[in-house]
Amino acid sequence: MINPLYGSKKKGKLDDESLFYLGKVYQANLENKRAIRIYKELASKYPDRADIQFEIGIVAFRLNRMREAVAAFEKVLKSEPGNEVAVRLSNAAKLKIPNR
């Protein structure tokens, strides 16, 4: 479940919760580069948030950035070791990384 992010409500600026959901809208519209920029901005403020790292992993996977996806999913698994979806997506991303 996604926990809302709370930030300041400055006029003309989106708060962090709104930014998170804007990222979800970009994902739904397959605007993955825009989505990942938002998620990375949020991750810089909230590095331990598994839900943000999970979204980074999903979008990185879609952008064929497999190493980045694996790194994000590993961060998810540090705080949520039983997250089966993160395990499966991390393993799938690892399989797509060319031999080093």
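The axes of helix 2 and helix 3 come within 9 Å and cross at roughly 150°, which makes helix 2 roughly antiparallel to helix 3 (angles over 145 degrees count as such). Axes here are lines fitted to C-alpha atoms, for helices over the stretch in contact, and angles run from 0 to 180 degrees between N-to-C directions. Helices are DSSP runs of H or I with at least four residues, numbered from the N terminus.

This is a predicted model, in which local features need pLDDT of at least 70 and side-chain atom pairs count only at pLDDT 80 or more, while totals for chains, interfaces and linings use all residues. Residues are numbered from 1 along each chain, and side-chain values use heavy atoms, without hydrogens and water.

On the helix 2 side, Asn 32, Ala 35, Ile 36, Tyr 39, Lys 40, Leu 42 and Ala 43 meet Ile 52, Gln 53, Glu 55, Ile 56, Val 59, Ala 60 and Arg 62 of helix 3; contact means heavy atoms within 4.5 Å.

Asn 32 belongs to helix 2. Asn 32 counts as buried because its relative accessibility is 9%, buried being under 20% relative accessible area with a 1.4 Å probe and protein chains only. Beyond its neighbours within four places in sequence, Asn 32 touches Tyr 26, Gln 27, Val 59, Arg 62 and Leu 63.

Helix 3 covers residues 50-62. Of its 13 residues, 11 are buried, so helix 3 is largely enclosed by the rest of the structure. The cover over these buried residues includes helix 1 (16-28), helix 2 (32-45), helix 4 (66-79) and helix 5 (84-96). After helix 3 comes Asn 64, with a positive phi near 65°.

Notes:
Helix = DSSP H or I, 4+ residues; strand = E, 2+ residues; numbered from the N terminus. Expected span 1.5 Å × (residues − 1). Buried < 20%, exposed > 50% of the residue type's maximum accessible area, 1.4 Å probe, protein only. Parallel < 35°, antiparallel > 145°, perpendicular 65-115°, else oblique.
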